[in-house]
Amino acid sequence: MEKRLIRKDALAGVVKRMAEGRSVLGPVRDGDNVLFEPLEGRDPELAFGNTRNAPKNALFPHTETLVRFLRTPRGMEFAADADEPESAVLFVRPCDARSFVLLDKLFDQEKYRDPYWVAHRERSTVVSLACAKPPYAACFCTSVGGEPVGAEGADVLLTDLGAEVLAEFLTPKGEALLPAFEGARPADEAADTRREEVRQAARGAIRSTIPAREVKPILDANFEHPFWNTLHQSCLACGTCTYLCPTCHCFDISDEQKGDDGVRLRSWDSCMFPLFTKETSGHNPRSSQKERWRQRVMHKFRYYVDNFDAIACVGCGRCVLNCPVNLDIRKVVSDIAKL
Ligand code: SF4
Ligand code: SF4
């Protein structure tokens, strides 16, 4: 595996060189927020904790054209979206890089292969910015199979060692970015030792832990438990938790037509919304927020484990930090473990 050490103040140049012929997306300041967006010439906030929005938008866009259609005298004609996505480099934190691997299990499985997700994945290179200092008290990646200096899902892992940054090129896609690291020097053994120290310290700095792996059998046995009757009561059904979540992936498909021209669109949806499961008849099998909250928990900690042997949460803490009524998935999971 190729490894390089580069001065921290040379990273801006690396990013600029990466942007030649590719789009680069990463954390950029937007007023009081830091958002994951195309840089478009802006400097990335590489030292910032994590972006408010998850980077899933780059691979699973908020709204995406699936197909264009045209009504003609010969019948309907269909065409793929004309805009071919260009190759991209995504600067993300390790929890978010891991979320891509979790979503691969759903969107790129043997039986069902989502060509849109796969195309975005193939054209993207993931550069993971290790959390040498885990940014938030709400981070709990180590409880759900991740770690702050984890490499899962990364093509390149960057670890801040002080004055220098260690770049580990983990895949052929990552190695293709080597020329952008102009001026970097080969990493020595001392860098490996230092990286291991940073990794251990970062793991130890994660303060939040939850019994995420223990709740699956409890959820299996407690679909009708009275616990679900009160949990949801303060929920506003705003969907913030699911829209910001890097692993939530529910979507809706709609057709929009003007004259003879039309598009079929895929747009994010949320199990927190009352309309999500409403049927054409007017019947809604998840008729209250109780069923919707139960679904969110069951999907992440029970059904995903059943289907893919993985918890559908990377412990990024976004839902904890941004829920307007302070509903906290860490507390919910801890309470379930006590049922
Ligand atoms: S962010 Fe909070 S209030 Fe909004 S839907 Fe999620 S749990 Fe409910
Ligand atoms: S459920 Fe919450 S903590 Fe887990 S990945 Fe989604 S937003 Fe992050």
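Visitor: How many residues of domain 1 are in contact with domain 2?

Guide: This is a predicted model: local features need pLDDT of at least 70, side-chain atom pairs count only at pLDDT 80 or more, totals for chains, interfaces and linings use all residues, and side-chain values use heavy atoms, without hydrogens and water. Residues are numbered from 1 along each chain as its sequence is written, while chains are lettered from A and ligands numbered from 1 in the order in which they are written. Contact means heavy atoms within 4.5 Å. On the domain 2 side 28 residues take part, and on the domain 1 side the count is 34.

Visitor: Which residues make up domain 2?

Guide: The bounds come from an automatic or database domain assignment. Domain 1 comes in two pieces, 2-61 and 73-208. Domain 2 is residues 213-337.

Visitor: What area is buried between domain 1 and domain 2?

Guide: Buried area is the accessible area (1.4 Å probe) that two parts lose on being put together, summed over both. Carbon and sulfur atoms give 61% of it here. In domain 1, Lys56, Phe60 and Phe140 lose the most, together 24% of what that side buries. The total between the domains is about 2600 Å².

Visitor: Which residue stands opposite Leu5 in strand 9?

Guide: Strands are DSSP runs (E, at least two residues), numbered from the N terminus, and two strands pair if DSSP finds at least two bridges between them. Strand 1 (residues 2-7) pairs with strand 9 (residues 164-169) in the antiparallel sense over 6 bridges. Strand 1 also pairs with strand 10 (residues 185-186), over 2 bridges, where the partner of Leu5 is Arg185. In strand 9, the residue opposite Leu5 is Leu166.

Visitor: Which strands are the edges of the open sheet of 4 strands?

Guide: The order in this sheet is 5-4-12-11, with antiparallel pairing. Strand 11 pairs with strand 12 (residues 261-268) over 8 bridges, and there Asp255 stands opposite Arg264. An edge strand pairs on one side only, and here those are strand 5 (75-79) and strand 11 (251-258).

Visitor: Which helix packs on this sheet?

Guide: Helices are DSSP runs too (H or I, at least four residues). The one here touches strand 4 (63-72) and strand 12. The packing helix is helix 3 (residues 115-123).

Visitor: How many residues of the shell around ligand 2 are charged?

Guide: Residues count as near if a heavy atom lies within 4 Å of the ligand. Among them are Phe140, Lys300, Arg318 and Cys319. Asp, Glu, Lys and Arg count as charged. The shell has 7 nonpolar residues and 2 polar ones, and the charged number 2.

How values were computed:
Axes are lines fitted to C-alpha atoms, for helices over the stretch in contact, and angles run from 0 to 180 degrees between N-to-C directions.
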